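Morning, everyone. Please bring up the model, and we'll go through its pockets and then its core.

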Amino acid sequence: MAFSFSLAAFIHPQLRHVVAKMSLFDTILFYVVHLLDKFDLWHRLPVLLGLAYLGLRRHLHQRYNLLRVGEVNGKKYDTEEFSYRTADGTCNHPADHLVGSHGTFFGRNMPPSTSSYGLLEPHPVTVATKLLERRKCTDCGSQFNMIACAWVQFMIHDWNDHMEDTEQVELRAPEDVAAGCPLKSFKFFKTRKLPTGSPDLKFGHLNSRTPWWDGSVIYGNNKEGMIRVRTFKDGKLRVSGDGLLEHDDNGIPISGDVRNNWAGFSLLQALFMKEHNAICDMLKEHYPEFDDEKLYRHARLITSAVIAKIHTLDWTIELVKTDTLVAGMRINWYGFLGKRIKDLLGPKFGPILSGLVGFKRPRDHGTPYSLTEEFVSVYRMHSLLPEKIVLRDLKSTTSEDKSLPIQEEIPMTEMIGKEGEKSLSKIGIEQMLVSMGHQSCGAATLWNYPTWMRNLVPHDIDGEERPDLVDMAALEIYRDRERGIPRYNEFRRNLLMIPISKWEDLTDDEEVIEALREVYGDDVEKLDLQVGLHAEKKIKGFAISETAFNIFLLIASRRLEADRFFTTNFNARTYTEKGFEWVNKTETLKDVIDRHFPEMTEKYMRCTSAFAVWNSDPNPRRYLPLYLRPAT
Ligand code: HEM
């Protein structure tokens, strides 16, 4: 009794209630995680111990942070007949054809906010003006470049977008900040809110994109979208002669997703449509009996797996650049025993030893797959976008460190939407790709929200420009509140993380603390999630906050392990022998770039990953095996 009392006293008072709902086993795991959190220790541990911490934390999130929103009442179907990714994301879950399809509910990682603060408390435009708007562009150094920034939008447009209502809201800038705001007021559509029919979470929002990692950003989210991009010849997609996207008569790109596009995003769409077409050529050569439909279906499976693999083994490793995370992400794909053993023996030894990918059945931990409201919030990374694109002169000779002289600086406003498409076609795919490779992207910090996004022309779902401009910085604060996302401290408690009790727990930056006090007083509970995520002290090597990372830890695994085409059907039988080989041989974005532009990285890239700044140093050679390394 005395023992359990003293243990309870060890837990942060605001987290004691979470233990009440846990099993004894989970309570013990939670104590271990909490102890390491108290001393801010896990990321300083040697790789193996750090991995053990992440394993325990992920287990707890799988048990306590997956909430079902609404019922999915699809049918059972013949999984053999549907051994391909459908246009609208149906027929992936083995027992319910609707799970994860276009137009289903977003799930949740935690209950909606319980705070009593109003939608306008403090006013979103005040938060945007005093804490978010960029003062001067802070970049990510050599860690992350503009390809990495475009990549994350490329992923978001594969996974999620909220359906809108037909009713509009208007936000007016409060008088004391209005003079500093490009828009004194702006209008936008409410998020569409629907009853779920379930007693716990009564309302929910619908996802207009298929949440599976199915490449819908290039293939579309339904049948009409798919028809738009296909040539219906040899399985191929429509790509223009200059290697970029084709456009319709209104100047809108032909691609799976065209909303709020910019040149870098379109470029990645074009690159992976080319990848799809190259896969079609390869398949046709080896399987001449395949018709257009069969070529398309197999090429889609293969391309989607290549994208998922690059995100897991290349992009994420650059985002959270520590030895522990390199090991963790590789274990997600290949397992603890590594690539060589998996290639040799197959995924025989379960998810930890052989990886989540190829596991014999998908796992959803009792909650049907969807992406979540909180996942969307932690991916609000518009501060990665710069004020201008720095174009490099490819005609000049590179210096020894592969640096290139600057040819021109183009404001981002000329790189977005239809105008951006025109700029890109003048620049061309190669110059744009190399230039993006050489430019560092913005950092996820306060006072770094792009100024041009405070009077942005948003698109509708068809890529048409809307008449009402929006202040995105303020809109994002409003969106989280409107969707019931808990504020920062409640969000952390729900993620079993230690909440802050004073501003100094969040940051050492005096200037930031002063500004937080000006907007929120001393009430740390009022702090908006976005502000907290951007203000939080970062773990060494992390380009994002630890709070955001904990959502990634859960969902990055879930996107793989819940998907039939990354588990039961991740094999040569479904992908074809040659297709499976294609996925196995592609590890990084550099591999894809090398395939389509054979001389580019050799000539212009010095660093190891195509997501780092290209003229920066490659990763140093390390002799100690990864699992034996001390903390980074
Ligand atoms: C030029 C580039 C971009 C433009 C013009 C743009 C614009 C927009 C707009 C207008 C919205 C909808 C706002 C609303 O009504 O709620 C949005 C949503 C969003 N954007 Fe971007 N964005 C860009 C790049 C990015 C990047 C680089 C990221 C990084 C992850 C990103 C992440 C998101 C997310 C997570 C949402 C919320 C989606 C949802 O509601 O489900 N965007 N963006």
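First, a definition. On a 1 Å grid over the protein atoms alone, a pocket is an open set of points where a 1.4 Å probe fits, with protein on both sides within 12 Å along at least five of seven lines; lining residues have an atom within 4 Å of a point. Points join across faces, edges and corners, and volume is the space filled by probe spheres set on them.

This is a predicted model: local features need pLDDT of at least 70, side-chain atom pairs count only at pLDDT 80 or more, and totals for chains, interfaces and linings use all residues. Numbering starts from 1 along each chain as its sequence is written, and side-chain values use heavy atoms, with hydrogens and water left out.

The second largest pocket has a volume of about 810 Å³. It is lined by 26 residues, and closest to its centre are Ile317, Glu318, Lys321, Thr608 and Asn619. Helix α11 gives the largest share of that lining, 4 residues.

Now the largest pocket. Its volume is about 1200 Å³. Here 48 residues form the lining, with Asn260, His382, Met453, Leu456 and Met472 closest to the centre. The largest share, 5 residues, comes from α6.

Last, the core. A nonpolar core is a set of buried (under 20% relative accessible area, 1.4 Å probe, protein chains only) Ala, Val, Leu, Ile, Met, Phe, Trp, Tyr and Cys residues joined through side-chain atoms within 4.5 Å. The largest one has 187 residues, and Trp151, Trp262 and Phe272 touch the most other members.

Definitions and conventions: Buried means under 20% relative accessible area, exposed over 50%, partly exposed in between (1.4 Å probe, protein chains only). Helices (H or I, at least four residues) and strands (E, at least two) are DSSP runs, numbered from the N terminus.
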